[in-house]
Amino acid sequence: MEALSVCVVGAGMAGLSALKNSLQSNLNATCFEQSTHLGGTWFYQEEQDVAFGENVHSSMYRDLRTNLPKEIMGYLDFTYSKQSKESFISSDEVLKFLNSYADHFHLRDHIKFQHKVLRIRPYKNKWEVLVSHNISHRCKQHLFDRVFVCNGHYTKPQYPKTVGMSCYKGIQMHSHLYRTQDKFKAQKVLIIGAGPSGIDLTNHISKVANCVYLSHHLSKKPNTDFMRNVIQKPNVKQFIETGAIFEDNSSEEFDIVVYCTGYQYSFPFLSSECGIFVHNNHVQPLYKHCININYPTMAIIGLPYAVIPSQVFDLQVRFSLKFFKNELKLPSREDMLTEMEKDNEERQKDGLRERDAHRMGAKQVSK
Ligand SMILES: Cc1cc2nc3c(=O)[nH]c(=O)nc-3n(C[C@H](O)[C@H](O)[C@H](O)COP(=O)(O)OP(=O)(O)OC[C@H]3O[C@@H](n4cnc5c(N)ncnc54)[C@H](O)[C@@H]3O)c2cc1C
């Protein structure tokens, strides 16, 4: 019998695992990667014109150190070398690791670089995948039995809807396009959001800025020793031409605002016929946050956050493959939908908002 064909969209941390595990399962796998390189997020690119921000895939910045130790950032069957004593490593070292993973498992021959997936739709029990070649601009139609969607989820910025944003006359930017501290020298800066990016950029920028206002709504102040020029503020109530008024009615003036307000899940290449929709950052309907309940021959890898990404992605891939290869049988559609609803209800009870539907935290280790 002919091996099942598998399409993998994207050659980042998730796509490489999908490709490697599919090949090891003797499936006929092809990965389409729109750029010239593998590694996705971990490929650092210099600052580009803000106007072109939407075409920039990676949010990586210079001098980033991982916020997880390398000892847990490997895959289940391929880990970081123990030679280096450092645990919190640079993006270059993560990229090197992903390249060595691809080399070790001979993945490159199965990756079509500079091939952008434009559209995926169900077609006669298969998936029709329309792919454009970046150089020749030729489009080709391919048919696959199974699809792994691994396009990454830190590319489309999420902005707050704050009164007066368009009145503010200074520079406004999203952390997606932050690359270096250079333009912040001796500036007064407002950073909005105290998630991992907000805290990290506050630490980077405050080294060169005149002062940094960090606006957030955390009930407890972040457990970090900020520089003395960092002043914490509540949410912005309203922007004015030169600055902002905060919820405690204090006001400040500043030159640049950096929105560290997260990202939106986006699948511009999935046609509506795929049966996947995103509502308030909840991608649905999915079984166990990855298998498309409407078409279980498609899995989306990499949605969960507040997780150990490489290990969770690897597990999602291996789990999906069990069903892709018909080694395990999925519950009925109704049962999968019921389980998804139950998960949502539990999250609501735990006080999470709909937009936190894929936040895992302690849930990443539950069954
Ligand atoms: C600033 C920052 C810091 C982080 N720090 C850490 C950390 O310290 N530790 C950690 O474990 N994780 C960290 N992460 C999370 C990180 O995103 C994940 O570790 C992981 O890299 C995500 O991999 P991915 O494959 O899902 O997505 P990506 O790495 O984004 O890869 C997706 C790939 O898909 C390709 N693609 C997209 N659309 C198409 C298309 N239509 N056709 C063809 N190809 C396409 C892209 O070009 C890209 O190569 C960080 C993320 C960010 C943004």
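## A tour from the ligand to the cores

Start at the ligand: 31 residues surround it, and the closest are E33, T41, W42, H57 and N67. Keep in mind that this is a predicted model.

**Stop 1: backbone contacts.** Select A14. One of its backbone N or O atoms sits 2.9 Å from a ligand oxygen. Go to T41, listed above among the closest residues. Here a backbone N or O atom lies 2.8 Å from an oxygen atom of the ligand. Next, pick V117. A polar backbone atom of V117 is 2.9 Å from a nitrogen atom of the ligand. Now show the ligand surface. On its own the ligand has 990 Å² of accessible area, and the protein covers 93% of that.

**Stop 2: the shell.** Color the secondary structure. Four elements each supply at least two shell residues: α1 (13-24), β2 (28-33), β4 (115-123) and α4 (309-324). Which element gives the most to the shell? Select β4: it contributes 3 residues. Then color the shell by residue class. You will find 16 nonpolar, 13 polar and 2 charged residues.

**Stop 3: the largest nonpolar core.** This core holds 65 residues. Those touching the most other members are L16, W42, L98, F148, I191, I205 and V258. W42 is also one of the residues closest to the ligand. Center on F148. Leaving out residues up to four places away in sequence, its contacts include V6, C7, V8, V9, A18 and S22. Also touching F148 are A299, I301, V317, S320, L321 and F324.

**Stop 4: the second core.** Finish at a separate core of 22 residues. Its members include V117, W127, V129 and L270.

Key
Residues numbered from 1 in each chain as written. Predicted model: local features only at pLDDT ≥ 70, side-chain atom pairs only at ≥ 80, totals over all residues. Heavy atoms only, no water. Near = heavy atom within 4 Å. Polar contact = N/O pair within 3.5 Å; in protein donor to acceptor, adjacent residues only side chain to side chain. Areas by Shrake-Rupley, 256 points an atom, 1.4 Å probe, with all protein chains shown as cover. Nonpolar A, V, L, I, M, F, W, Y, C, P; charged D, E, K, R; others polar. Core = buried A, V, L, I, M, F, W, Y, C linked by side-chain atoms within 4.5 Å. Buried < 20%, exposed > 50% of the residue type's maximum accessible area, 1.4 Å probe, protein only. Contact = heavy atoms within 4.5 Å.
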